Amino acid sequence: MLALRLHGKEDLRLEDVDVPRLEGNGVILRVRATGICATDIKAYTTGARTKVPITLGHEFAGEVIEAGDKYQEYVGKRVVVNPNIFCGRCEYCLRGEHVLCPNRYTIGIDVDGSFAEYVVIPSQAFEVGGVLEIPGHLSYEEASLVEPLAACFRGQRKLMIGPGDVVAIIGAGPIGLMHLKLAKAFGAAMILMGEINERRAEIAAKLGADYVINSAKEDIEKRVMEITRGRGADVVIVAASAGAAQEDALRIVSRGGRINFFAGLPAGKEKVPINTNIIHYKQITILGTSMQTPYEFRKTLELIAAGIIDVKSLITHIFRLKEGLEAFSIASRGEGLKILIRP
Ligand SMILES: [Zn+2]
Ligand SMILES: [Zn+2]
């Protein structure tokens, strides 16, 4: 079968590899749609992975074509899978905070992923409720966006965004735009977005951001304070992988506000000078989130299925697997929004 495999730094190859064999009680999934994530691009530019070569891809939906005895009923079903495989037994899993599980591993990050015709889903994914049937009216393409949207859903739950909040989102890439859609669904009264790319700024405005601020051209703090009459944003989500954006978050948050450092920073750039007195005197909460629990994954699928969040408007490109290298180069140039591969 065809697979898009990372061999090292900037060394991604389209290869013909063996179809994976079923081990234990898991299933084999025929991948029908899979998205390229910033994490895949980071893996490509740094080559940093626990093992190489590895087939990348962790946002996916597909059809079960083969199953062990225990999951026979799934054969032929359309499913979407939480790629994070949790143990279900540790302190954190028991607490419902599976994302903290020290025994976690992730399909497409630690083991072969979905940029291939077939991918193995271990039985552990079923045991913690990480495999969900896709409702009939949703496409595989839409279902493949559950994973990144669920990470955003977790981020906003932790921020406790509620009706009337003024929410600022720094970064209007696919993730920032998902946050925009979710914040509206959570009841935000006003959404401000910071984005330096003109084209993305236009899309953010079209998708309903109340104000889009180009921080390369104007002082984001001054602008946010003008708009909010000196109060700042109740909630700031940093969806841009830049230390400067994290610093901006502290300058634009309101007293008693909440900040989520949603985007990780590149290795070597994670030390950011922060005025900790702002945290102290403005009495703000800074938190970070990544990944999503099985519960959040499931709720997110329900949000899409119920039509509360439309993800179709975020899909700008769909490639075949054999065009995978081209898809990657477009994604790594930041062109388009969500770029999918249909093996
Ligand atoms: Zn991802
Ligand atoms: Zn665990």
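Guide: Three residues coordinate the zinc ion (ligand 1): Cys-37 through SG, His-58 through NE2 and Glu-59 through OE, at 2.1 to 2.6 Å. Donors here are N, O and S atoms within 2.8 Å of the metal (3.2 Å for Na, K and Ca), and water is not among the atoms, so sites may look incomplete. This is a predicted model, in which local features need pLDDT of at least 70, side-chain atom pairs count only at pLDDT 80 or more, and totals for chains, interfaces and linings use all residues. Residues are numbered from 1 along each chain as its sequence is written, chains are lettered from A and ligands numbered from 1 in the order in which they are written, and side-chain values use heavy atoms, with hydrogens and water left out.

Along the chain, the donors of the zinc ion (ligand 1) show the spacing C-x20-H-E. Distant parts of the chain are linked by the pair Cys-37 and Glu-59, which are 22 residues apart. Cys-37 belongs to the loop between strand E3 (27-35) and helix H1 (38-46), whereas Glu-59 is in strand E5 (residues 59-67). Helices (H or I, at least four residues) and strands (E, at least two) are DSSP runs, numbered from the N terminus.

Both of these residues can also be described by their accessibility. Cys-37 is buried, at a relative accessible area of 13%, and Glu-59 is buried at 1%. Buried means under 20% relative accessible area, exposed over 50%, and partly exposed in between, for a 1.4 Å probe and protein chains only.
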